[in-house]
2 protein chains.
Amino acid sequence: MAERWATSRGGLQGIDLHLDPAGPGLRRGLTDALRAAVRTGRLSPGTRLPSSRSLAGDLGIARNTVADAYADLVAEGWLTARQGSGTRVADRAVPAPPARPVSPGRAPGRLPYSLVPGSPDLASFPRAEWLKATRRALTAAPHDAFGYGDPRGRPELRTALADYLARVRGVRADPEHLVVCAGFAHGLRLLCDVLRARGAGTLAVESYGLDDHWDLVARAGLRTAPLPFDASGTRTEDPGEAGAVLLSPAHQFPLGGALRPERRAAVVDWARRTGGLILEDDYDGEFRYDRQPVGALQDLDPGHVVYLGTASKALAPGLRLGWMVLPPSVVPGVVAHGAGRSVGVVEQLALAEFLTSGAYDRHVRAARLRYRRRRDALVEALAERAPDVHVTGIAAGLHAVLRLPPGTEQTVVQAATWQGLAVLGLSRFRHPDADATPGDGLVVGYGTPPDHAWTGTLEALCRALP
Amino acid sequence: MAERWATSRGGLQGIDLHLDPAGPGLRRGLTDALRAAVRTGRLSPGTRLPSSRSLAGDLGIARNTVADAYADLVAEGWLTARQGSGTRVADRAVPAPPARPVSPGRAPGRLPYSLVPGSPDLASFPRAEWLKATRRALTAAPHDAFGYGDPRGRPELRTALADYLARVRGVRADPEHLVVCAGFAHGLRLLCDVLRARGAGTLAVESYGLDDHWDLVARAGLRTAPLPFDASGTRTEDPGEAGAVLLSPAHQFPLGGALRPERRAAVVDWARRTGGLILEDDYDGEFRYDRQPVGALQDLDPGHVVYLGTASKALAPGLRLGWMVLPPSVVPGVVAHGAGRSVGVVEQLALAEFLTSGAYDRHVRAARLRYRRRRDALVEALAERAPDVHVTGIAAGLHAVLRLPPGTEQTVVQAATWQGLAVLGLSRFRHPDADATPGDGLVVGYGTPPDHAWTGTLEALCRALP
């Protein structure tokens, strides 16, 4: 227990110094107590402190201890010591800002059910398998893996990803041109820097997408311009002045279609003709249910397409693990802007283990089966309970689009809230400059709920629908 | 084993299709083989493919399988199918770039010994303890930890860091204003974006420092301007037009001194007067040997100082774990520019465990003892073997500066190379625009070698010295 020592002399009048004179940290304790007194304003600027001899006598401790504590605080700028005028409290001490508690993980009033898209079922993250991969990674890593390393990321992971992407997504991935990043947003941010350095001022985007991405692009100093949109999807034949195009060809987000073959060809032709870049957002390419996955667009022309993927849908967004397969000419720019050195080596090596051991494939297979069952349950429930609602975009991914009768979107979103369900309307995903108006709808992220909440979530959705 | 099937008709003449007709992936195998043939140029653009009926007959497989494979490749853009003209190879197939092997972790010709500063002994990374912390983190984490989460980073880690930094470095750290980042460079990059948004065009830096940081600042669109430097260190009283100042007050890198009290005061006064920001790079604050650590400058005025720290010296750079304690007004800008969502949640939670369990303190204590012994051995060896060399900057950190006789720096660095030792001259750390010329020297990172190489490294250094 710390005893209380009160001094009765000089500038320390009325200041309590909490010290344990028997402890090893006597000097430290005195330093801390004096610093606290200055910081909180109990010792005001300009106050002259007692001499080290008199304070030492007061406190019953060695004079050197006091002198050392004063010296520490002078070194830190709290006190000043001038020949002839003794030790004083420095002028620039400021009061501490009032402390606020850390906000809790769940905001108050958060709804019990959620179909907000963008996340897989977080409860199904394979913790035990991930720990196993981490153990193997930590055991096998060479010492120099813990250093700064290759700015593209660990070679073990780049090789494992190149194999995986070639096998599963048809990507032409040379590990030399594969760069690890901390998720899609990080990769997009790096690419914006590269695009600006190439002189691009505009990134063409789909008419429907994520405002988070558009905002990120704007903050990085580029304009976003939406591509025209018609009944067949995004029109890619003329991105205008844009230096690059951001597309989700395998599974448009959020509308859900695959980019039509002639439009895949058209955008590659545009890139070749103009030297533009295509950024391919393959955010959920592993999840396709009724036919073979649509292969990556990148394979058509690796010299003009940047392929972007992540572990966010197959595993979890919290891992912050993503990757880019780059045209060789883009690698130096991305590396110069920081890329792969942002990602922790233990998680990189754990993911490499996860991929090469087959755990990734097993996990995706099991997840695909579960999400497909959810999708089927969704379609079935809607057919029975809400026959006026047309479900689209169900061939793939972790979300579907529910087409609603005109003018009902806001009402339905509100009704869902009353049912305790968070769900987003389609209009929220429309680029502010887009001409397109595909009508009212809901974007239903059926991958989001944990298993135990799925039935309740579906029931809440059905109750909210017209 | 895959049998070889050769077709003898139409456009596939001479093309080997590697198929296992008994396998489950027949359609997939055919798709892959055709795609490979197009990609490698064996099937040239415009080539007409045999009808699905005739190829199926040729291969002895179902016609639907061929039709499906064609449809997949049309969807991917490799083939085109037009009414009346059959299925053809699309025009835009490009040859694959030649594959190059991933470069090995160690570049050929790398020297056996290294005293290049900036890294702790990577061989001493506490793998078993880190795995233990990861296990506890993975077990205890709530499901929603695996989601996108708070852009400042996990609350568990921010709280643990705030406690640690207050206790060990005297930082006034409210977890609300603490943001997790992926190391110092990542934090600096985010801060540059904030500074530009505040209208700053110049960041004042120390005359000696790291060119990597200056380059990063330049790429982020800011000029670096070196502060004057005299016998007492960096002069901080007038940073001129700069909107912010980057300093290493506890232990100047690489020269090794602590910023003098009146200069700490002066820079805080400057910041208050002009509304400028001080970026405090506390890169090795935990390692001080002969006296109490110098407390953080941030404590003098948390409203104008950004405190930056990392786990790179205490644990390992490969973890890519850093943190910033920010003035409240800077938090929104840093968060808007991406911050804490770049860092994997498993490593964030593992570090929180490491801190709260005391493993971090134990590891730092043991490391400090080992590095201090190395420093003592260095000083002793030099006193005996190279009495003309003056050692400075030895009170703290993982490196020292060896002052060399005028005009000998390049010769000594070259002589070290002949001894198999990588070591950097002091001139390499001088800002190109700095007036200062503190003479010839070596920056000796004695923390870098693994234990088993330490004696040999020291011996090589002594042999290289005049």
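What percentage of the 466 residues of chain A count as buried? In this predicted model, the share of buried residues in chain A is 58%. Chain A contains 13 helices and 19 strands. Among its contacts with a separation of 6 or more, 72% are between residues 24 or more positions apart.

**Sheet in chain A**

- Four strands of chain A form an open sheet in the order 15-16-19-18, and the pairing is antiparallel.
- Strand 15 (390-392) and strand 18 of chain A are at the edges with a single partner strand each, so each has one side without a neighbour in the sheet.
- Strands of a sheet pair through backbone hydrogen bonds, in either a parallel or an antiparallel sense.
- Strand 16 (residues 400-403) of chain A is joined to strand 19 of chain A by four bridges in the antiparallel sense.
- Within this part of the sheet, Arg403(A) is opposite Gly441(A) of strand 19.
- Strand 18 (residues 424-425) of chain A runs antiparallel to strand 19 of chain A, and two bridges join them.
- Leu424(A) has Val443(A) in strand 19 as its bridge partner, and Gly425(A) has Leu442(A) in strand 19.
- Strand 19 of chain A covers residues 441-444, with Gly441(A) and Val443(A) pointing one way and Leu442(A) and Val444(A) the other way.
- Both of these sets are buried: Gly441(A) and Val443(A), and likewise Leu442(A) and Val444(A).

**Interface of chain A and chain B**

- The size of an interface is often expressed as the accessible area lost when the parts come together.
- Between chain A and chain B, the buried area is about 7600 Å², and carbon and sulfur atoms give 52% of that area.
- On the chain A side 92 residues are in contact with chain B, and on the chain B side 91 residues are in contact with chain A.
- There are four salt bridges across the interface of chain A and chain B.
- Arg35(A) and Asp299(B) form a salt bridge, with 3.8 Å between the closest N and O atoms.
- Polar contacts between chain A and chain B number 19 residue pairs, both residues being at pLDDT 80 or more.
- At least two residues of the side of chain A that touches chain B come from each of helix 1 (26-39), helix 3 (63-76), helix 4 (127-140), helix 5 (155-169), helix 6 (184-197), helix 8 (261-274) and helix 10 (345-356) of chain A.
- Helix 4 of chain A gives the largest share of that side, seven residues.

**Helices of chain B**

- Helix 11 of chain B (residues 359-385) has 27 residues, which should span 39 Å at 1.5 Å a residue; the C-alpha atoms at its ends are 38 Å apart, in agreement.
- Buried residues of helix 11 of chain B include Ala359(B), Tyr360(B), Asp361(B), His363(B), Tyr371(B), Arg374(B) and Arg375(B).
- Also buried in helix 11 of chain B are Val364(B), Ala367(B), Leu378(B), Ala381(B) and Leu382(B).
- Helix 5 of chain B (residues 155-169) contains Arg158(B).
- Arg158(B) has a relative accessible area of 0% and therefore counts as buried, the cut-off being under 20%.
- The side chains of Arg158(B) and Asp150(B) are joined by a polar contact of 3.4 Å.

Notes. Residues are numbered from 1 along each chain as its sequence is written. Chains are lettered from A and ligands numbered from 1 in the order in which they are written. This is a predicted model: local features need pLDDT of at least 70, side-chain atom pairs count only at pLDDT 80 or more; totals for chains, interfaces and linings use all residues. Side-chain values use heavy atoms; hydrogens and water are left out. Buried means under 20% relative accessible area, exposed over 50%, partly exposed in between (1.4 Å probe, protein chains only). Two strands pair if DSSP finds at least two bridges between them. The expected span of a helix is 1.5 Å times one less than its number of residues. Contact means heavy atoms within 4.5 Å. Buried area is the accessible area (1.4 Å probe) that two parts lose on being put together, summed over both. A salt bridge is a side-chain nitrogen of Lys or Arg within 4 Å of a carboxyl oxygen of Asp or Glu. A polar contact is a pair of N or O atoms within 3.5 Å; within protein, one must be able to donate a hydrogen and the other to accept it, and residues adjacent in sequence count only if both atoms are side-chain atoms.
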